[in-house]
Amino acid sequence: LKVADANAVTVEAPVAGKARLEYRWLSLDEKWQKAFIEPIKQAINIYFDYHAVKGVPLGKVVDPKRILTSRFVLTNRGLKDLIDAILKARWVFGGHRDPDAGKYATDSPTASLLSHNLLNFLAVQFGWVIEHEDVSAAFLQGEELPADREIYIRMPHGYPQEVVDFLRSLLGPDCRLDIVQGTKGGFGLPESPACSI
């Protein structure tokens, strides 16, 4: 990791990709924090759009070992100046603390680099036109977690009241605001790739 400026860390890009800046919330000044509020709301909302999380009723006792941490990964896919920035946020779960890690399948049928190269070679030889597409939020569109899979996610804290109020509007008044229950694979959950098939 290389320090790009006081607020961000430049993540080295793979050969075929583009470098991105990841921002730390507490390092951002007020203008940048305000600019990130909408992307954070979108990051929360996408889980609700795909029914990948649900509320936990007030008063429900949850085993602390079943609660994963989470955070918002804040990135800028544009230029370093706020006016030219393309801000994105993703809500990521701390799957490394999953008490059930290793119990469920985690593999996904993805093509290897050799397969990609072979397909491109054949396309050139036979004059094929190659098209590709990317499924947005694929992990959230997959199958539901097994019935015996009980996992909860602690909401990141330290964000503005506007984010908390938005979460409350999605959950309703009878649900806890500190945790939600995962119902599908999410970013960071070990079995998410297998669920997204």
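This is a predicted model: local features need pLDDT of at least 70, side-chain atom pairs count only at pLDDT 80 or more; totals for chains, interfaces and linings use all residues.
Residues are numbered from 1 along each chain as its sequence is written, and side-chain values use heavy atoms, with hydrogens and water left out.

The overall layout: the chain has 4 helices and 9 strands, taken as DSSP runs numbered from the N terminus (helices H or I, at least four residues; strands E, at least two). Of the 197 residues, 38% are buried, meaning under 20% relative accessible area with a 1.4 Å probe, protein chains only.

Now the rings. We pair Phe, Tyr and Trp (its six-membered ring) if the centres lie within 6.5 Å; planes under 30 degrees apart are stacked, over 60 edge-to-face, the rest tilted. That rule gives 10 aromatic pairs. One of them, tyrosine 23 with tryptophan 32, is stacked, at 5.1 Å centre to centre and 25 degrees between the planes. Both of those residues, tyrosine 23 and tryptophan 32, are buried.

What about phenylalanine 72 and tryptophan 91? Their centres are 6.3 Å apart and the planes sit at 45 degrees, so that pair is tilted. Phenylalanine 72 is in strand 6 (residues 70-76) and tryptophan 91 in strand 7 (residues 87-93), so the pair ties together parts 19 residues apart in sequence. Phenylalanine 72 is buried at 5% relative accessible area, and tryptophan 91 is buried at 0%.

And there's a cluster: ring pairs link Trp25, Tyr47, Phe72, Trp91, Phe93 and Tyr159.

Conventions: Buried means under 20% relative accessible area, exposed over 50%, partly exposed in between (1.4 Å probe, protein chains only).
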